[in-house]
Amino acid sequence: MAAPKVAVVGAGVIGLSTALCITETCPSCSVTVLSDQFSPNTTSDVAAGMLIPHTYPGTPIHVQKQWFKETFTYLFAISNSAEASEAGIHLVSGWQVFKNIPKEELPFWSDVVLGFRPMSEAELQKFPQHRFGQAFMTLKCDCPPYLLWLEKRLKATGVQMYTRKVADLWELHSEYNVVVNCAGIGAQQLVGDKKLFPVRGQVLKVHAPWVKNFIRDGDGLTYIYPGIHRVTLGGTREKESWSLSPDPGTTKDIFDRCCSLEPSLRGAQDIKVKVGLRPSRQSVRLQREILSQGGVKLPVVHNYGHGAGGFSMHRGTAKEAARLVGECIAALQGSSSRAKL
Ligand code: FAD
């Protein structure tokens, strides 16, 4: 079999990182990324990019922990290299604070992030409305720079990237041996997945360079995540809302909530509002499927549905998707050599 041709549909953090993992695990593959949008126009560009996992109720915890650990280890190495600022990856310390003591005082990811510990009474004095807190250091991706860095690495390994809206995965069967579906919320239409739904998120990106620590309310709704250039203030979680228009009332509400956690934000400048649709599911869809029409088969690997945790989990799920692509290619090579006998 000649160099296997692999198409990756989608150019958000999941599509780009999956394409990169495929080039690493299958150097003989010819990989192409097809997407109707690239950075800066994807959901991944809107994200805060903090490595704090959200739990997927339909995925075993040990699997989620493995994905998170692989992602953390990968980005930690980048943060510790000369590439860190170009890739937009940096370490950030801060606090997750709770009004009531949470059921789970030790989340599954507590021994993956660095220096996780309960906050002291003295530290809690910064948050008079909160009774309990956790201090730790984690990683943050500045999303558009990270996506551009991934694109640059892909181009350097010879990956082709084309703007193309795919109406049906089957339309790719005559051009590619394996198709990888990383279409995010677009997968609802592309493969008719009714278990996938949008969770709308509105955030503000502000200039407030004096804010150095992250602050996250334990309910996950209000957060302040300092990046290299801008601070992301969040947020909202609106299930089944498809609106990409910013809502001015919500902007004021987010700003007020964040100022009540960090009053110095009243002096923030240059407030930009962004909206994205989290591709949400009970569990990430990470599996092989064989499409077939008239005796012709097309192996597909799905990797979508990362909801609120695409950045936290991307490298782990990309590695698994690349492994599944390897299985598809091994099966194709097995059948082509049997056909020659
Ligand atoms: P996308 O970025 O949406 O990419 C999908 C790609 O598929 C796009 O390029 C699109 O153009 C393409 N596509 C879709 N349909 C088709 C088609 N038919 N044909 C061709 N191309 C197609 N996660 C974290 O881990 N940490 C955070 O701090 C965080 N903060 C967030 C804050 C907000 C406000 C939001 C909205 C999300 C946040 N997330 C966060 C979640 C994260 O953004 C998502 O999980 C992640 O971006 C999903 O990546 P994706 O590549 O699957 O989707």
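## Around the ligand

Start by selecting the residues around the ligand: there are 36 of them, and S35, D36, S44, G307 and S312 come nearest. Keep in mind that this is a predicted model.

Now zoom in on D36, where a polar side-chain atom sits 2.4 Å from an oxygen atom of the ligand. Move on to G307, which places a polar backbone atom 2.7 Å from a ligand oxygen. At S312, look at the backbone again: an N or O atom there lies 2.8 Å from an oxygen atom of the ligand.

Colour by secondary structure to see where the shell comes from. The elements α1 (13–25), α2 (43–46), β8 (197–207), β13 (269–280) and α9 (310–340) each contribute at least two residues.

## On to the cysteines

Select C26 and C29, which are joined by a disulfide with an S to S distance of 2.1 Å. The count for the model is 1 disulfide. The torsion about this S-S bond is about 80°, so the disulfide is right-handed. Both partners are buried, C26 at 13% relative accessible area and C29 at 11%.

Then pick C21, buried at 2% relative accessibility. Its closest cysteine sulfur, in C182, is 10 Å away, too far for a bond. Finish at C259, which is in no disulfide, with the nearest cysteine sulfur, that of C258, 7.1 Å away. C259 is buried too, at 5% relative accessible area.

Note on methods:
Residues numbered from 1 in each chain as written. Predicted model: local features only at pLDDT ≥ 70, side-chain atom pairs only at ≥ 80, totals over all residues. Heavy atoms only, no water. Disulfide = S-S within 2.5 Å. Buried < 20%, exposed > 50% of the residue type's maximum accessible area, 1.4 Å probe, protein only. Near = heavy atom within 4 Å. Polar contact = N/O pair within 3.5 Å; in protein donor to acceptor, adjacent residues only side chain to side chain. Helix = DSSP H or I, 4+ residues; strand = E, 2+ residues; numbered from the N terminus.
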